[in-house]
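Hi,

Here is the structure I promised to pass on. Have a look first, and my notes follow below.

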Amino acid sequence: MFLNVNGHNTYCYTGGKAFDAAKPTAVFIHGVLNDHSVWILQTRYFANHGWNLLAPDLPGHCKSEGEPPKTVEEAAQFVIALLDAAGVKQAALIGHSFGSLTVLEAAAAAPDRVSHLALVGTAFPMKVSPALLDNSLNAPMKAIDMVNIYSHATLAPPPSSAGPGTWLYGGGRALMRRVLASNTRVNLFHRGFKACDDYQGGDAAMDKVKCPVLFLLARSDAMTPPRMAQTLQARSPGAKTVLVEAGHQMMEEAPDAVLFALTDFLKIKR
């Protein structure tokens, strides 16, 4: 469905279910040069198990209008505005990579609006190598190839992911190329990476979080290795941590493990 957020049409995947104010709501936020589709298994499960589901394309990405966020803080304000547009008083926020910083900052800015916070493939600081930053600006196709190598631990899809014949590297590259091409005015790749690299508010944000927190990390993640979440974990001693056997794009490589970690965290019956 489309929601008017800050005066712009924003596409939100709902798992094919109509919004029901009586149900709890989960919001899934994607990372750099991704879109709502990276959450396809997890979001469809939520939508079919008693939850409202909002998985937006971030502003200026794919089906969503508006200015792509220049900073994590801008992206967080978009999430809060999305809740307002949907008439949601409180939601569980789930974010991957750049999206994890986004939902962390949103939970700090509006703690009473967030019931649960799941940080998937997170790190702080989330520094981007100078080579990747430069290539994302000046040689984006080369950077896409680099990121897909770093983001995957396997070549072939596991159960519950895409079917036989699917190549995870190729699928990841195709998605990133499509998202990059969706905005001819702004280089979404470089803007997103720069926002990650520039963000300095993670520690202060974690100190303001009031809700239960899940760190969902991948053992073979070369983009945001699990050790890079330790500063945030130290500031959230009551948080739960789950490690899955996958690379950075764990929603594709370990779809069931990611789903089960989220459903256990939110106490959704299987």
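Tyr 11 is buried, as its relative accessible area is 11% (buried is under 20%, exposed over 50%, partly exposed in between, with a 1.4 Å probe and protein chains only). Before you read on: this is a predicted model, where local features need pLDDT of at least 70 and side-chain atom pairs count only at pLDDT 80 or more, while totals for chains, interfaces and linings use all residues. Residues are numbered from 1 along each chain as its sequence is written, and side-chain values use heavy atoms, with hydrogens and water left out.

Back to Tyr 11. Lys 63 sits over the face of its ring, 4.4 Å from the ring centre (the rule asks for NZ of Lys or CZ of Arg within 6 Å of the centre and within 35 degrees of the ring normal).

On to the ring pairs. There are 6 aromatic pairs in the model (rings of Phe, Tyr and Trp, the last by its six-membered ring, with centres within 6.5 Å; planes under 30 degrees apart are stacked, over 60 edge-to-face, the rest tilted). One of them joins Phe 2 and Tyr 11 edge-to-face, at 5.4 Å centre to centre and 65° between the planes. Phe 2 is partly exposed, because its relative accessibility is 49%.

Phe 28 and Phe 46 have ring centres 5.2 Å apart and planes at 90°, so that pair is edge-to-face. This pair links distant parts of the chain: Phe 28 is in strand 3 (residues 25-29) and Phe 46 in helix 1 (residues 40-47), 18 residues apart (helices, H or I with at least four residues, and strands, E with at least two, are DSSP runs numbered from the N terminus). Phe 28 is buried at 0% relative accessibility, and Phe 46 is buried with a relative accessible area of 0%. Ring pairs also tie Phe 28, Trp 39, Phe 46 and Trp 51 into a cluster.

And the cavities? The count is 2 of 30 Å³ or more (on a 1 Å grid over the protein atoms alone, a cavity is a set of points where a 1.4 Å probe fits but cannot get out, and lining residues have an atom within 4 Å of a point; a volume is the space filled by probe spheres set on the points, which are joined across faces, edges and corners). The largest cavity holds about 70 Å³, and its lining includes His 30, Phe 98 and Arg 191. Helix 7 (residues 188-198) gives the most to that lining, with 3 residues. The second largest cavity has about 50 Å³, with Thr 14, Lys 17 and Trp 51 among its lining residues.

Cheers

Notes:
1 Å grid on protein atoms, 1.4 Å probe; cavity = no way out; pocket = protein on both sides within 12 Å on 5 of 7 lines; lining within 4 Å.
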